[in-house]
Amino acid sequence: MSNLIEQARAKEWFYSFELPDGSTTPTYHGIDIQAIHDTRWQMVQSCLNERLGSGRGGLTALDLASHQGWFAVNLARAGFADVLGIDARESHVEDSQLMRDIYGLEHLSFRQGNIHDLDPEQIGRFEVVLMLGLLYHLENPIGALRACRALCKNLCLIETQIVPGMNGYVDYGSYQYVRPLKGSFGIIDETEETHGPEASITGICLVPSLDALIWILHKVGFSDVTVLEPPADAYEQLRYHKRVMVAAQV
Ligand SMILES: C[S@@+](CC[C@H](N)C(=O)[O-])C[C@H]1O[C@@H](n2cnc3c(N)ncnc32)[C@H](O)[C@@H]1O
């Protein structure tokens with residue numbers, strides 16, 4: 001065990017993991033960035049408590065874009081019976097497995113995968129699906145939201161950057177045929193950053209407006225979509241609605 005902890009302490013992490021010996025993992029963004037993780041975990045926990053009650057026994061959870069496994073580890077420690085984390089980057093999967101071994105969480109596993117290639121017939125469907133910090137790194141966000149719905153049996157929590165929305169009407173083929181906009185997407189260029197550990201793997205990113213996100217979630221088959229209220233001391237991006245977390249119920 002002390003050997004595993006030494007391995008963890010020898011590198012820099014995206015998350016400040018609290019290790020069993022009381023130390024924490026060094027982070028590469030400085031300690032400030034941990035506030036966004038803490039706010040998001042607080043929002044996840046309070047939504048799970050409200051929607052699922054206190055018991056987690058027998059429930060399964062999937063963490064999409066699990067990075068180094070911080071949210072998946074938290075889910076596994078919060079009592080879910082089985083937790084799977086999936087991330088496109090193999091190095092993140094290796095880091096996550098080290099954390100799983102350090103905490104001795106046998107009901108937690110990780111695998112490498114692209115959200116667009118996941119087959120529910122193979123990996124199963126999960127009571128709870130998290131997709132935090134991924135949507136705005138994708139060139140096919142609607143496909144990702146469809147994947148969330150296909151993989152989810154009960155509750156999906158999606159957290160994403162959003163852009164200011166464009167509303168109104170557009171002449172659609174003819175001035176006599178006018179259609180309302182249901183929302184909009186902003187394009188962000190990450191094409192020079194695809195090597196980055198948090199970045200897109202393709203570089204072309206479509207970021208939804210809040211209207212777009214809510215409308216699409218209904219259209220891909222969620223029955224109820226609620227924007228979650230951030231806590232009073234939330235990380236600024238969530239407090240000022242630059243990012244949102246939504247609860248989408250099957
Ligand atoms: C900003 S990080 C968010 C990580 C974590 N979910 C969180 O919120 O702290 C984005 C993550 O998405 C992963 N990722 C990017 N494109 C992906 C894809 N197409 N499928 C699965 N994971 C992807 C990256 O490797 C990275 O770990």
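Predicted model: local features only at pLDDT ≥ 70, side-chain atom pairs only at ≥ 80, totals over all residues.
I will start with the core. The largest nonpolar core holds 57 residues. Those that touch the most other members are Leu-64, Val-129, Leu-130, Met-131, Leu-134, Cys-148 and Cys-156. As background, nonpolar side chains tend to be buried together in soluble globular proteins.

Take Leu-64 from that list. If we leave aside neighbours within four places in sequence, Leu-64 is in contact with Ile-86, Ile-115, Val-129, Leu-130, Met-131 and Leu-134.

Leu-130 also comes up from another direction, through Val-44. Val-44 sits in helix α2, residues 34-52. Again leaving aside neighbours within four places in sequence, Val-44 is in contact with Leu-130 and Leu-157. Is Val-44 buried or exposed? Val-44 is buried, because 22 other C-beta atoms lie within 10 Å and the cut-off for buried is 20 or more.

For contrast, look at Ala-78, in the loop between α3, residues 70-77, and β2, residues 82-87. Ala-78 counts as partly exposed, because it has 16 C-beta neighbours inside 10 Å. Ala-78 and Glu-193 are 115 residues apart along the chain, and 34 Å separates their C-alpha atoms.

Now the ligand. Which residues come nearest to the ligand? Of the 15 residues around it, those are Ala-65, His-67, Ala-88, Leu-132 and Gly-133. By class, the shell has 6 nonpolar, 6 polar and 3 charged residues.

Ala-65 lies in the loop between β1, residues 60-64, and α3. With 23 C-beta neighbours inside 10 Å, Ala-65 counts as buried. Its phi is positive, about 65 degrees, although Ala-65 is not a glycine. For context, most residues other than glycine have a negative phi.

His-241 is another non-glycine residue with a positive phi, about 60 degrees. His-241 is in the loop between α8, residues 236-239, and β11. Is His-241 buried or exposed? His-241 is exposed, because there are 11 other C-beta atoms within 10 Å and a residue with 12 or fewer is classed that way.

Next, a pair of helices. Helix α1, residues 2-9, and helix α4, residues 90-103, have axes that come within 10 Å and cross at roughly 145 degrees. The crossing of α1 past α4 is left-handed. On the α1 side the contact is made by Leu-4, Ile-5, Gln-7 and Ala-8, and on the α4 side by Leu-98, Asp-101 and Ile-102. Sorted by class, that contact has 5 nonpolar, 1 polar and 1 charged residues. A general point about such faces: an α-helix has 3.6 residues a turn, so residues three or four places apart point the same way.

The buried residues in α7 are Ala-212, Leu-213, Ile-214 and Leu-217. What covers them? The cover includes helix α6, residues 141-151, and the strands β5, β8, β9, β10 and β11. Of those strands, β5 spans 152-161 and β11 spans 243-249. After α7 comes Gly-221, with a positive phi near 120 degrees.

That is the end of the tour.

Definitions and conventions: Residues numbered from 1 in each chain as written. Core = buried A, V, L, I, M, F, W, Y, C linked by C-beta atoms within 7 Å. Contact = placed C-beta atoms within 7 Å. Near = placed C-beta within 6 Å. Nonpolar A, V, L, I, M, F, W, Y, C, P; charged D, E, K, R; others polar. Axes fitted to C-alpha atoms, helices over the stretch in contact; angles between N-to-C directions. Helix = DSSP H or I, 4+ residues; strand = E, 2+ residues; numbered from the N terminus. Left-handed = near helix turned anticlockwise from the far one by under 90°.
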